[in-house]
Amino acid sequence: MDGDAADRFEADRFEAGRPRLASLAYRLLGSAADAEDAVQDAFLRWQAADRGLIEVPEAWLTTIVTNLCLDRLRSARARRERPVGAWLPEPLLEGDPMLDPAATVEQRESVSLAVLTIMEHLSPVERAVYVLREAFSYGHAEIAGILGVTESASQQHLHRARRRVAGARRGGEADPATARRIVEEFLAAASSGSTERLVALLTDDATAISDGAGLTRTLLHYRTPERVAAVARGAFKPTPAKLRLVGGAPTIHIGMLNGSPAVLAVLDDRVVGAAAFETREGRIATVRGFADPARLARVTETWRRRETDPPVIAEW
């Protein structure tokens with residue numbers, strides 16, 4: 001095999017594993033854009049490495065990507081770019097390959113918006129141990145080798161991480177029919193002009209958080225059912241100013257973001273807004289609102305590649 005053919009072979013070998021590496025990086029970073037950057041950095045290291053000395057490429061690449069992600073997390077926290085409690089993950093639309101693997105409850109929960117958000121309270125190493133164990137089924141001996149810690153330390157990190165994450169998905173998984181019903185009821189209540197109807201759909205401790213459409217670096221928090229209902233009612237009421245902001249009247253669709261039922265506002269084949277709902281006992285416990293174009297870029301890419309159901313509201 002000549003040099004060019006060998007390089008193509010090694011590049012193809014990397015590309016075959018890229019989806020798995022991107023899924024790992026997304027779970028560690030909570031950002032698809034940052035995950036893609038980390039995987040690309042790993043590819044450059046792969047190209048520069050003496051691959052004849054790499055006995056198990058998958059293990060080597062997993063170690064490189066994991067530690068690149070940990071470096072990014074530590075650097076961001078040092079620069080105060082990701083203060084705990086003031087950050088939202090980048091959502092992914094159902095069907096995005098970064099949501100894989102999704103065969104088990106633990107794998108699906110590891111990529112839920114609730115768990116990604118609560119993992120910000122973990123140390124970077126705790127986060128890595130949790131993801132490697134719960135989402136990718138690595139043993140503690142393997143994790144210890146990837147992170148440069150002892151097996152005992154890996155077990156302790158996992159115990160602490162599981163304890164923190166335990167309450168993140170108290171409502172369990174919503175089946176598609178239930179998820180759609182909840183969203184339809186929410187849309188009907190938000191469009192009715194009655195905040196009382198919305199409050200009835202919310203848990204007694206319901207909260208909401210919004211990225212403020214990217215117009216502010218500070219997230220917007222709403223901490224009572226009444227406040228959540230009032231904000232939701234206002235958000236789903238079209239006004240000339242809102243229509244100017246998004247560039248027209250979007251259609252409203254029902255979808256799934258990171259396993260959570262969601263409302264998607266779509267204009268000219270571009271997702272311009274989304275709200276994801278975390279449910280508990282048939283009611284809405286948490287609403288996460290997204291309207292920052294940068295945070296919705298990958299959702300739009302996935303939206304354009306898939307067949308979509310007709311809108312539930314043809315024109316907002």
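Phe14 is buried, at 0% relative accessibility. This is a predicted model. Phe14 and Phe43 form a tilted aromatic pair, one of three aromatic pairs counted here. Elsewhere in the chain, six strands build an open sheet with mixed pairing.

**The Phe14–Phe43 pair**
- The two ring centres lie 4.9 Å apart, with 55 degrees between the planes.
- The pair links distant parts of the chain: Phe14 belongs to helix H1 (residues 3–29) and Phe43 to helix H2 (residues 32–48), 29 residues apart.
- Phe43 has a relative accessible area of 11%. The cut-off for buried is under 20%, so Phe43 counts as buried.
- Phe43 also has a charge over its ring: the charged end of Arg18 sits 6.0 Å from the ring centre.

**The Trp46–Trp60 pair**
- Trp46 and Trp60 make another tilted pair, 5.9 Å centre to centre and with 55 degrees between the planes.
- Trp46 lies in helix H2 and Trp60 in helix H3 (residues 57–78), so the pair ties together parts 14 residues apart in sequence.
- Buried or partly exposed: which applies to Trp46, and which to Trp60? Trp46 is buried, at 2% relative accessibility. Trp60 is partly exposed, with a relative accessible area of 24%.
- Arg51 lies over the face of Trp46, at 5.6 Å from the ring centre.

**The sheet**
- The strand order is E2-E1-E6-E5-E4-E3.
- Strand E2 (220–222) and strand E3 (251–257) are the edge strands, and each pairs on one side only.
- Neighbouring strands are turned against each other by 20 degrees on average, direction ignored.
- Strands of a sheet pair through backbone hydrogen bonds, in either the parallel or the antiparallel sense.
- In which sense do strand E1 (residues 202–210) and strand E6 (residues 283–290) pair? They pair in the parallel sense, over five bridges.
- Thr207 has Thr286 in E6 as its bridge partner.

**Helices on the sheet**
- Helix H11 (residues 225–235) packs on the sheet and touches E1, E2 and E6. The direction of H11 makes about 50 degrees with that of E1.
- Helix H13 (residues 297–305) also packs on the sheet. Its contacts are E3, strand E4 (260–267) and strand E5 (270–280). The direction of H13 makes about 100 degrees with that of E5.
- Among the strands touched are both edge strands: E2 is in contact with H11, and E3 with H13.

Note on methods: Residues numbered from 1 in each chain as written. Predicted model: local features only at pLDDT ≥ 70, side-chain atom pairs only at ≥ 80, totals over all residues. Heavy atoms only, no water. Pairing = 2+ DSSP bridges. Helix = DSSP H or I, 4+ residues; strand = E, 2+ residues; numbered from the N terminus. Axes fitted to C-alpha atoms, helices over the stretch in contact; angles between N-to-C directions. Contact = heavy atoms within 4.5 Å. Phe/Tyr/Trp six-rings, centres within 6.5 Å; stacked < 30°, edge-to-face > 60°. Buried < 20%, exposed > 50% of the residue type's maximum accessible area, 1.4 Å probe, protein only. Lys NZ or Arg CZ within 6 Å of the ring centre and 35° of its normal.
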